[in-house]
Protein chains: 2
Amino acid sequence: MSIKQRDVKVLDCTIRDGGLVNNWDFSQAFVRTLYQALSLSGVDYMELGYKNSPKLHHLPNAGPWAYLTEDLIRETIGEKTNTKLSALVDIGRVDERDIVHRSESYLDLIRVACYLKDVDKGIDLASKFHALGYETTLNIMAVSHAKENDLNEALEVLNESPVDVVYVVDSFGSLLQRDIEYLVAKFQKFAPKKALGIHTHNNMQMAFANTLTAIEQGVTFLDASVFGMGRAAGNCPTELLVSQLHGTRYDVRPLLEPLEKLFIPMREKVEWGYTIPYAITGMLDEHPRTAMALRASADKDKYLDFYEKLTTVEPHTAP
Amino acid sequence: MSIKQRDVKVLDCTIRDGGLVNNWDFSQAFVRTLYQALSLSGVDYMELGYKNSPKLHHLPNAGPWAYLTEDLIRETIGEKTNTKLSALVDIGRVDERDIVHRSESYLDLIRVACYLKDVDKGIDLASKFHALGYETTLNIMAVSHAKENDLNEALEVLNESPVDVVYVVDSFGSLLQRDIEYLVAKFQKFAPKKALGIHTHNNMQMAFANTLTAIEQGVTFLDASVFGMGRAAGNCPTELLVSQLHGTRYDVRPLLEPLEKLFIPMREKVEWGYTIPYAITGMLDEHPRTAMALRASADKDKYLDFYEKLTTVEPHTAP
């Protein structure tokens with residue numbers, strides 16, 4: 001059953017967020033095939049990776065999608081379709097001199113990810129990209145840990161900035177529908193001039209549902225990834241989202257062949273999606289890094305031990 | 001973050017719905033360990049299986065939980081805790097003479113599953129169990145395919161029956177939050193005297209989210225299964241549900257050891273949970289039987305072919 005339509009935009013971040021799982025080890029053929037399939041599915045934006053600088057952020061053995069270059073993008077994509085191209089940058093890890101004017105770039109959108117404490121730096125950076133002609137978003141990460149008064153103030157500043165879209169980012173996969181409703185209402189109250197976006201994680205199997213809730217509340221920029229491929233429990237699956245937006249231009253069919261030919265083999269090599277350790281960090285509203293370390297160890301299914309470690313107050317930390 | 005509390009009851013149907021996946025091949029030790037863990041987690045009811053008659057419903061090689069007997073239950077459970085025991089029966093497959101008076105039984109609750117067309121038979125059967133002292137529910141399956149006027153009338157009849165709880169059952173995993181809201185409002189309008197229940201499937205990763213939506217709407221009987229173990233895409237995971245009800249008596253911790261010791265090995269032997277074929281039947285609002293057959297075949301990952309078969313109008317069926 002299809003949901004109420006608004007002027008939504010679907011942004012597929014498979015290569016960028018999925019790269020956190022496979023160290024950005026995607027072939028150019030993989031990315032090109034996915035771009036063509038997403039285009040046919042009506043997906044509005046494809047995020048190709050990070051545009052951080054290897055000088056400022058050294059990830060050993062990371063694939064090229066961690067450090068996008070214009071040459072790589074042009075060579076991979078070839079002819080552009082109606083699907084626009086996006087890159088994410090992190091505060092302090094991007095060299096502004098790497099960003100050319102949009103008229104010389106394959107990119108249309110640059111998204112700035114930051115924690116609330118760095119929101120001024122984030123706005124400054126996004127404003128520079130705006131001046132270079134790009135569409136811009138500011139993605140406030142870990143919003144479930146934000147102090148409410150700080151968040152309200154940051155949104156008021158954002159409201160007066162040139163940033164096009166402000167994102168609610170459920171970094172820990174700890175939010176339920178009612179939390180999404182609360183946060184979206186807050187973002188709308190304090191940043192009424194801005195379009196809003198949503199980026200969810202699936203620790204508690206809420207990624208798709210929370211995205212639908214956000215749409216109902218008026219959020220228009222929707223992050224998703226094919227087969228949910230993304231860090232830890234992954235994201236809202238693109239195939240589900242486009243299937244429920246089928247009243248307009250979206251279509252799930254073009255994604256089915258990439259799913260069987262690209263994503264099933266990929267899933268056999270690397271893990272993402274719902275597991276109990278990711279559920280536990282979601283329940284506890286914590287960053288999944290402890291669960292990611294557990295899943296990479298021989299103890300990956302020792303759930304009770306893991307839970308005890310995360311919930312036991314050590315003697316020296318007791319109040 | 002915990003959700004608003006009402007007087008909810010969690011009913012774990014792992015053995016019954018999960019039995020559809022492994023042909024009810026659970027050892028008595030498995031069931032006993034799970035009962036003890038569910039009791040410690042505060043789960044209100046455990047459904048041990050079907051109380052159909054092998055004379056009326058012959059499933060070759062089915063384990064004993066497809067045909068519950070008082071001896072089996074007593075021997076398995078031993079001493080009862082605060083967690084009540086439940087069995088499901090299907091119209092036309094249960095021999096009423098197999099049901100003893102509740103005072104002689106380990107069972108507390110008998111649930112009757114039926115399609116809308118059989119609702120009169122379902123009410124008749126549930127009324128007999130009510131007269132024998134049991135708590136009763138009527139679970140109207142495949143509600144997404146019910147004709148609206150028929151459903152309204154059936155609910156009015158149910159409202160005057162002795163049935164304790166009426167269930168909304170999303171058999172195909174095709175419902176979104178707004179559908180749940182719509183259906184619950186309808187059930188409340190036409191059967192205002194009845195407590196309501198919800199049974200979800202996870203084809204579109206909506207099982208937990210739809211259960212939360214139902215709670216917000218006032219539904220009080222909540223079906224769930226550990227690790228979501230259930231037919232095809234499975235159910236609302238018990239571990240997620242109890243974790244978000246932790247404000248009162250519910251606790252996820254006692255489920256963690258069974259998850260690692262019982263359910264991970266089980267999942268290595270049999271499949272349930274989100275896969276693309278189950279997502280497709282959910283999107284198309286169809287019974288998952290075609291997807292279950294596909295998953296049991298060598299073509300289990302041929303998603304595009306599967307989709308074409310389900311969506312192509314054959315020449316001889318065209319209008």
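This is a predicted model: local features need pLDDT of at least 70, side-chain atom pairs count only at pLDDT 80 or more; totals for chains, interfaces and linings use all residues.
1. A residue counts as buried when its relative accessible area is under 20%. A:T211 sits in helix α7 of chain A. Leaving aside neighbours within four places in sequence, A:T211 is in contact with A:I198, A:T200, A:L222, A:C236 and A:L241.

2. A:Q205 belongs to the loop between β7 (195-199) and α7 of chain A. With a relative accessible area of 8%, A:Q205 falls below the 20% limit and is therefore buried. What does A:Q205 touch, not counting residues up to four places away in sequence? The list is A:Y274 from chain A, and B:N202, B:Q205, B:P237 and B:L240 from chain B. The side chains of A:Q205 and B:N202 are joined by a polar contact of 3.2 Å. Along the chain, A:Q205 and A:P192 are 13 residues apart, and their C-alpha atoms are separated by 30 Å.

3. The interface between the chains comes next. In chain A, 47 residues are in contact with 47 residues of chain B. The two chains bury about 4,000 Å² between them, and 63% of this area is on carbon and sulfur atoms. The size of an interface is often given as the accessible area lost when the parts come together.

4. How many salt bridges are counted between chain A and chain B? The count is 2. B:R253 forms a salt bridge with A:E308, with the closest N and O atoms 2.2 Å apart. Between chain A and chain B there are also 14 residue pairs in polar contact, both residues being at pLDDT 80 or more. On the side of chain A that touches chain B, at least two residues each come from α6 (177-190), α7 (207-216), α8 (238-244), α9 (253-269), α10 (276-283) and α12 (303-311) of chain A. Of these, α9(A) gives the most to that side, with 6 residues.

5. Helix α10(A) is mostly covered, with 8 of its 8 residues buried. These are A:I276, A:P277, A:Y278, A:A279, A:I280, A:T281, A:G282 and A:M283. Which helices do the buried residues of α10(A) pack against? In chain A they pack against α11 (289-295) and α12, and in chain B against α8 (238-244) and α9 (256-269). After α10(A) comes A:D285, whose phi is positive, near 60°.

6. Strand β2 (residues 45-50) of chain A has 6 of its 6 residues buried, so this strand is largely enclosed by the rest of the structure. Strand β1 (residues 9-12) of chain A runs parallel to β2(A), and 2 bridges join them. In this pairing A:D12 stands opposite A:M46 in β2(A). Strand β3 (residues 84-90) of chain A is also parallel to β2(A), and 4 bridges join these two. Here A:Y50 stands opposite A:L88 in β3(A).

Notes: Residues are numbered from 1 along each chain as its sequence is written. Chains are lettered from A and ligands numbered from 1 in the order in which they are written. Side-chain values use heavy atoms; hydrogens and water are left out. Buried means under 20% relative accessible area, exposed over 50%, partly exposed in between (1.4 Å probe, protein chains only). Two strands pair if DSSP finds at least two bridges between them. Contact means heavy atoms within 4.5 Å. Buried area is the accessible area (1.4 Å probe) that two parts lose on being put together, summed over both. A salt bridge is a side-chain nitrogen of Lys or Arg within 4 Å of a carboxyl oxygen of Asp or Glu. A polar contact is a pair of N or O atoms within 3.5 Å; within protein, one must be able to donate a hydrogen and the other to accept it, and residues adjacent in sequence count only if both atoms are side-chain atoms.
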